[in-house]
Amino acid sequence: MIARTRSAVELADRLTPDVVLMDVRMPRRSGIEATRAIKASVPSTRIIMLTVSDEEEDLFEAIKAGATGYLLKNVQLDEVPQAVRGVHEGQSLINPAMAAKLISEF
């Protein structure tokens with residue numbers, strides 16, 4: 001589902017999706033803000049950030065906002081459905097390079 005962040009939040013509230021793919025940088029409202037809003041209205045929805053941003057701050061903020069996964073857009077296309085299935089089944093998923101940043105922070 002591709003939508004502007006405001007529409008994404010409204011659609012998530014109405015449709016209660018199992019998994020949402022969200023970008024960190026979106027027009028009008030950041031994907032992190034949209035993630036926070038979706039998690040507030042539909043806590044069961046799992047959110048995967050699919051983004052070009054390899055900034056540590058974006059990773060940390062996305063996880064704090066409630067994202068269950070964080071993938072960089074250079075991921076192989078055939079890995080995306082597998083990631084969605086994994087997150088839907090309760091797994092957390094973070095790009096290996098980003099996971100190293102997260103681990104070194106803590």
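## A tour from the surface inwards

Start with the surface view: the protein chain exposes about 6300 Å², and carbon and sulfur atoms supply 51% of that area. Keep in mind that you're looking at a predicted model.

Switch to cartoon. You'll find 5 helices and 4 strands, and following the sequence gives the pattern α-β-α-β-α-β-α-β-α. The radius of gyration is 13 Å, close to the 13 Å that the globule rule gives for 106 residues, so the chain is as compact as a globular protein of that length.

Time to go inside, where buried residues make up 42% of the 106. Select Met-22, Met-49 and Tyr-70: these have the most contacts inside the largest nonpolar core, a set of 21 residues. Next, highlight some of the elements that each supply at least two residues of this core, including helix 1 (5–15), strand 2 (46–51) and helix 5 (96–105).

Stay on Tyr-70 for a moment. Which residues does Tyr-70 touch, leaving out those up to four places away in sequence? Among them are Val-24, Met-49, Leu-59, Leu-93 and Met-98.

Last stop: select Ile-48, Leu-50, Val-75 and Val-87. They're part of a second, separate core of 8 residues.

How values were computed
Residues are numbered from 1 along each chain as its sequence is written. This is a predicted model: local features need pLDDT of at least 70, side-chain atom pairs count only at pLDDT 80 or more; totals for chains, interfaces and linings use all residues. Side-chain values use heavy atoms; hydrogens and water are left out. The radius of gyration is taken over C-alpha atoms; the globule rule is 2.2 Å times the number of residues to the power 0.38. Buried means under 20% relative accessible area, exposed over 50%, partly exposed in between (1.4 Å probe, protein chains only). Accessible areas come from the Shrake-Rupley method with a 1.4 Å probe; for residues, only the protein chains shown count as cover. A nonpolar core is a set of buried Ala, Val, Leu, Ile, Met, Phe, Trp, Tyr and Cys residues joined through side-chain atoms within 4.5 Å. Contact means heavy atoms within 4.5 Å.
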